[in-house]
Structures are given as structure tokens and as C-alpha cells.
Amino acid sequence: MPTPFLASAPIRRLTLRDLTACADLSEDRGWPREEHKWGFLLTAGQGYGIDDPDGGLVAACTVTEYGPHERPALAAVGMVLVAERHARRGVGRRLMRHLVAALGTVPLTLHATPYGRPLYEELSFKVTGEAEMVRGRFVPGGPEPKPFTRGATAEDLPAILRLDEEVFGADRTPIVTRLPAFADQLRVAEEDGRITGYAAAWPNMDTHVVGPLIARDTETAKALIGSLAAHTDRPLRTDIDVRHEELLAWVKEHGLSSVAANAVMSYGITELPGDWTRRFAPLTVAAG
């Protein structure tokens, strides 16, 4: 395809009608199709893409906003993909510049692979942290974490929303309220009738992804992961903030292994809002 087309082709909003094309694009780049995750991101947030005249998409990405619709406090960028046949022609750069311009003064965050990081640095994103992806079959053993956990109920949702906003520093109601339908499990940690943490496990290909993982402390995070693992026969996968060294060591002792490390990058802010000490893992690196 000639370069002038790639430089001028319209960038449009994606919808659920584009789900198959997004999954095809993932597969084209050697990623899993992840249709369940794409569906969530296209409904909880917004998708942007460039159509290929020969069918499918030249490129795509998603944006998930936190806070009031008319004045978002933060936006997470994810799933930035360019078809292999159009790679290294500036398409990804053009798509990202479009997003930065479209979102104006809204601060941005994303998780960058080593491959993608140079592009984001060129666009003035700064590294503000790191997350380590771990995966494997959880093997129980050793002392049981003490915090009490149970399955979440509809009555827990207001408390979960309050805790999530406190920890993330912005209202994420459109994301959190979709969790009961999106995830196979949603569990809370509780003490004296007060919710001190919550976590979900949602299906992604052959794994259950643990996220979000919000907890008062490391012991509570361990209890939530252990309780999720006890209710699935799939391997677990999650992306843990590397500052939570004790939790990372614990999951590795229980059968999970390191897969990759991605840089957490931000634009327009020097650090993410909220309380990182209680934010152990995101829902997905694509949405924060």
C-alpha cells in the first residue's frame, strides 16, 4: 500500500462491529486473538482504527478513561497494533499523535513493551514504573493468608466502587460495574464487615487473568489470589507492580513464573494518581 495513503487515511472510532477485525489484527502480530478482552475494551472505553481498503484494519488501539465523562482525570492507552504488512511506516506514530491531540489536556498512561517504548519516548511519555507479568498454575502450600475472603455480591458494589476510586484516584464506575459480567470470579476481602480489598479473575484464552487486584496490604493480596486460584482449574496470569516485591516472590514460590516486564509510562503527569501501595495489579495492562 502506498505511503501517502497511510499518511492520510481517516482514523475512526471502532465499535463492537469491529471486534473480529481487531482480533484478526492481534493474530496478525502474533498476539492471541483475545476477543473477550477486545469486547470489554470497546464497550468500557473507545477504540480507534484505520481501515485497510483490502479488508480489515491497518492499525488499532483503545482508550479507557477514568473520571467524569466531560472531564476525565486519566486515560489509559492500550492494544496499540499495526498490521505486519504496514509496520515501520509511521502508522503507529500517527495513531498515537492523533490520540494525544484528541485527548487534549487529559493525562495518559500505558504499559509499553521494550519494542514499543522508543515510540512512546519520542512522543514525550516518561517511564514512571514497571509491571512484571507472571503466569502459571498456582500451587497451594505454606501458611494460609489470614484475611477472610468471599464471593462478591450485588450489595458489595457500592463499597467496591468507593475503594476502587480511593486507590486509583479517579472514578472508574464504567469499568468496575462491568466486572460481574466480564469476569468468571469477583471476590472481596473483608474484616469486621468492611471490605479491605477485591479482585477479579477473567477468562483470556486458556488462562484466568487476575485483575484488578486491590488490597489493604500484601497478606490481603495473597488471600485474594489464593481464593481465586482455589476456584479455577486454569493457569493464572497477572501483571504485578514490581514495587510489590513480597507478593511477586510469593506467587513465584507458588508456581507462577515471570513472562515479561513492561514499563509503565505516563504523559502529562509525573506519577499515577491514587495509592500504589494498595494497587497490586491492573484489570489489564490495556486499561489500567
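The lining of the largest pocket draws at least two residues from each of strand S4 (74-82), helix H4 (91-103), strand S5 (108-112), helix H5 (117-122), strand S6 (126-136), strand S11 (236-241) and strand S12 (257-267), where helices (H or I, at least four residues) and strands (E, at least two) are DSSP runs numbered from the N terminus. The model is a predicted one, in which local features need pLDDT of at least 70 and side-chain atom pairs count only at pLDDT 80 or more, while totals for chains, interfaces and linings use all residues. Residues are numbered from 1 along each chain as its sequence is written, and side-chain values use heavy atoms, with hydrogens and water left out.

**Pockets**

- The largest pocket holds about 1,100 Å³ of space; a pocket is an open set of points on a 1 Å grid over the protein atoms alone, with protein on both sides within 12 Å along at least five of seven lines, and its lining residues have an atom within 4 Å of a point.
- A volume here is the space filled by probe spheres set on the grid points, which are joined across faces, edges and corners, and the probe is one of 1.4 Å.
- The largest pocket is lined by 43 residues, and those nearest its centre are Trp31, Val80, Leu81, Thr113 and Tyr115.
- Strand S4 supplies the largest share of this lining, with 6 residues.
- By class, the lining of the largest pocket comprises 21 nonpolar, 11 polar and 11 charged residues, with Ala, Val, Leu, Ile, Met, Phe, Trp, Tyr, Cys and Pro counted as nonpolar, Asp, Glu, Lys and Arg as charged, and the others, Gly among them, as polar.
- The second largest pocket contains about 420 Å³ of space, and of the 27 residues that line this pocket, Asp241, Arg243, Val264, Leu272 and Arg279 are the closest to its centre.
- Two or more residues of the lining of the second largest pocket come from each of S4, S5, S6, S11 and strand S13 (279-281), and S6 gives the most, with 4 residues.
- The lining of the second largest pocket divides by class into 14 nonpolar, 6 polar and 7 charged residues.

**Salt bridges**

- The structure holds 24 salt bridges, each being a side-chain nitrogen of Lys or Arg within 4 Å of a carboxyl oxygen of Asp or Glu.
- Arg243 and Asp241 are joined by a salt bridge whose closest N and O atoms are 2.8 Å apart; Arg243 is partly exposed at 41% relative accessibility, whereas Asp241 is buried at 13% relative accessible area, given that buried means under 20% relative accessible area, exposed over 50%, and partly exposed in between (1.4 Å probe, protein chains only).
- Asp24 forms a salt bridge with Arg33, with the closest N and O atoms 2.8 Å apart, and Asp24 itself is partly exposed, its relative accessible area being 37%.
- Asp24 and Arg33 also belong, together with Glu27 and Glu35, to a network of linked salt bridges.
- Glu122 and Arg97 meet through their side chains in a salt bridge of 3.8 Å, N to O, and this pair links distant parts of the chain, with Glu122 in helix H5 and Arg97 in helix H4, 25 residues apart.

- The buried residues of H3 are Lys37, Trp38, Gly39, Phe40, Leu41, Leu42 and Ala44.
- Lys37 counts as buried because its relative accessibility is 5%, and, leaving aside neighbours within four places in sequence, Lys37 is in contact (heavy atoms within 4.5 Å) with Met79, Phe182, Trp202, Asn204 and Thr284.
- The largest nonpolar core has 40 residues, of which Trp38, Phe40, Leu57, Tyr66, Leu179, Tyr198 and Leu283 touch the most other members; a second, separate core of 29 residues includes Leu6, Val91, Leu99 and Tyr120.
- A nonpolar core is a set of buried Ala, Val, Leu, Ile, Met, Phe, Trp, Tyr and Cys residues joined through side-chain atoms within 4.5 Å.

**Thr149**

- Thr149 lies in strand S7 (residues 148-151) and is buried, with a relative accessible area of 15%.
- Not counting residues up to four places away in sequence, Thr149 touches Arg187, Val188, Ala189, Ala223, Leu224 and Ser227.
- Thr149 and Gly45 are 104 residues apart in sequence and, C-alpha to C-alpha, 30 Å apart in space.
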